[in-house]
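Welcome! Here is a short tour of one model, with the sequence and the coordinates side by side.

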Amino acid sequence: MTGRLLEDPRAVWAVAAVSFLLFLIGNLPWQLDDYDQAKQAYTSFEMIKEGRWFYQQTPHERVATKPPLVGWVSAGLFAMTRLWELSWRLPSLLAAVALAVLLFRTASSAYGSIAGLVALSAFGLNLLTPRLATLVRTDMALAFVIFLVGLLIWQKIERQEEWKPRDRVYLFALLTIAMLIKGPIVYAFLLPGIVLFQWRHGRARPPGAPLSAWSGWWPWIASLAVFLLWVTGGILFQSGFFDEVVMREFLGRFGETIHRPQPLYFYLPHLIHKFAPWSILLIAIAIFDLASRRWRIGTAFHEISPDTFWLLCWSIGGLILMSLIPSKRVDRIFPVIPPLCLLLAAQIAQRNSCSHGSASRPVTTADSNLTGHRPVATENREACVYRWIAAALILSLLFAGGYTTWKVGTGYRDHRDALAVFGRDVRREAEARHWRYEAVSAKDEGLLLYLRKTHYIEPDRAIAEWNVGNLDALVASTEKAPRLMPQLRGATVSQLKSSDRKKEQGTGYILITP
């Protein structure tokens with residue numbers, strides 16, 4: 001009964017609908033005041049407003065530390081939509097939807113319909129994916145490109161195909177895109193898994209056999225050369241690029257003085273928590289599988305299929321290397337989640353098979369196997385697995401749905417978008433009254449973007465411009481306004497002001513008018 005429900009196409013549509021709904025609402029109310037969203041949004045804004053297409057700044061006029069590819073995409077979307085909020089968030093949302101669809105299709109084709117449902121559910125119904133799906137950051141886009149690279153390697157291993165020139169060109173293109181999204185961090189998620197796989201299977205591979213995760217050197221070196229070309233241009237032509245990007249952003253991640261270090265085990269408990277209950281299901285299946293083999297780990301590794309072993313190497317290798325880097329943040333480990341979803345699908349297929357052989361054979365239906373008859377042990381094992389899947393699915397709906405609903409509710413209750421609303425109101429008022437307005441320098445990076453301004457103005461210059469009649473309105477923080485008001489001729493405080501914000505959200509702002 002449970003198997004039929006899981007195989008029902010309506011179950012897939014229901015999970016997809018809930019997942020995509022969580023993607024859409026996960027960051028409501030939309031604002032740019034946390035997770036460095038303002039820095040990422042400002043890159044495309046500066047491209048359009050000032051023509052800085054290759055090297056950008058932050059709202060506080062420091063050198064932007066990320067390569068420009070996602071900014072290019074947002075700028076292109078703005079040219080088509082003329083809506084900044086949509087253009088900033090659409091790249092992550094499209095990448096999340098594409099990842100979900102690709103995971104479902106890949107898992108269904110390789111491991112069966114139920115495994116496809118598990119892969120889709122595991123990706124969409126956790127605590128990380130809905131959060132990153134509309135966040136103005138590069139994490140989701142990077143995870144999508146990394147998954148395409150890992151999937152290409154998986155297909156080569158699963159089909160036992162040789163690497164052809166066309167495949168290497170495709171790999172070079174993907175690696176170059178990843179480099180222009182976030183730099184060489186793509187290597188940390190892929191190369192350790194490739195080394196592990198080659199160490200295990202490369203030695204046992206007969207001479208001339210096509211089973212290889214390694215494509216050759218040139219796609220990796222050529223894509224790095226493209227990135228280094230961008231870095232070289234920044235060092236030569238952008239003041240402060242070497243210190244901010246090379247020393248602080250890239251090399252500083254490996255030290256403990258610039259960025260706050262985290263313990264070696266930081267990612268593992270966070271990953272288990274954020275990926276629950278699917279992380280628990282993945283670990284539980286592995287434990288039961290080892291127990292059925294009387295804890296003969298060597299036998300388990302010997303019997304695992306090469307394509308499934310690649311998924312294991314890909315996931316674990318990325319997790320290990322990222323854990324060795326002192327600078328850590330939970331969202332940085334997100335690219336290991338898609339391969340873990342595919343690995344979980346492979347586990348489900350293996351548990352449903354009649355033997356401990358390859359997990360690459362799809363499970364055709366809940367009621368019949370490839371031989372046409374049903375051993376009692378197989379039926380009991382499959383029924384047990386289906387119950388686990390159903391329980392994990394229900395828990396994930398409760399966890400992901402409840403957490404997202406709580407985040408959205410508290411966001412509106414605490415006026416998390418207070419600055420965004422204030423900026424929109426100021427723009428409308430200024431447009432209606434044809435005001436010339438500026439923003440006095442402030443700590444909040446998102447304020448410039450809410451007001452659609454490219455630069456802050458210093459208090460002394462604001463006073464001078466106001467008193468000679470070049471400004472009709474000023475936006476200032478409640479901290480600086482008392483010092484400004486006595487020096488601004490004829491200035492009054494408008495009724496427009498940012499809503500009350502919690503202390504940790506920053507200061508409030510007012511609009512000064514004649």
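## Confidence

What pLDDT does the chain average? This is a predicted model, and the chain averages a pLDDT of 88, with 90% of the residues scoring at least 70. Over residues 354-374, however, the pLDDT is below 50. That stretch still has 55 contacts in the model beyond near neighbours in sequence. Where pLDDT is low, the predicted coordinates should not be read in detail.

## A pair of packed helices

Let us turn to helix 5 (residues 84-111) and helix 8 (residues 139-159), which pack with their axes 8 Å apart and at an angle of about 25°. Angles under 35 degrees count as roughly parallel, so helix 5 and helix 8 are roughly parallel to each other. The crossing of helix 5 past helix 8 is left-handed.

Which residues meet here? From helix 5 come S92, A95, A96, A98, L99, L102, L103, T106, A110 and Y111, and they meet M140, A141, A143, F144, F147, L148, L151 and W154 in helix 8. The residues of this contact between helix 5 and helix 8 comprise 16 nonpolar, 2 polar and no charged.

Strand 3 pairs with strand 4 (residues 509-513) in the antiparallel sense, over 3 bridges. Here T492 stands opposite T513 in strand 4.

Technical notes: Residues numbered from 1 in each chain as written. Predicted model: local features only at pLDDT ≥ 70, side-chain atom pairs only at ≥ 80, totals over all residues. Heavy atoms only, no water. Axes fitted to C-alpha atoms, helices over the stretch in contact; angles between N-to-C directions. Helix = DSSP H or I, 4+ residues; strand = E, 2+ residues; numbered from the N terminus. Parallel < 35°, antiparallel > 145°, perpendicular 65-115°, else oblique. Left-handed = near helix turned anticlockwise from the far one by under 90°. Contact = heavy atoms within 4.5 Å. Nonpolar A, V, L, I, M, F, W, Y, C, P; charged D, E, K, R; others polar. pLDDT = per-residue confidence, 0-100. Pairing = 2+ DSSP bridges.
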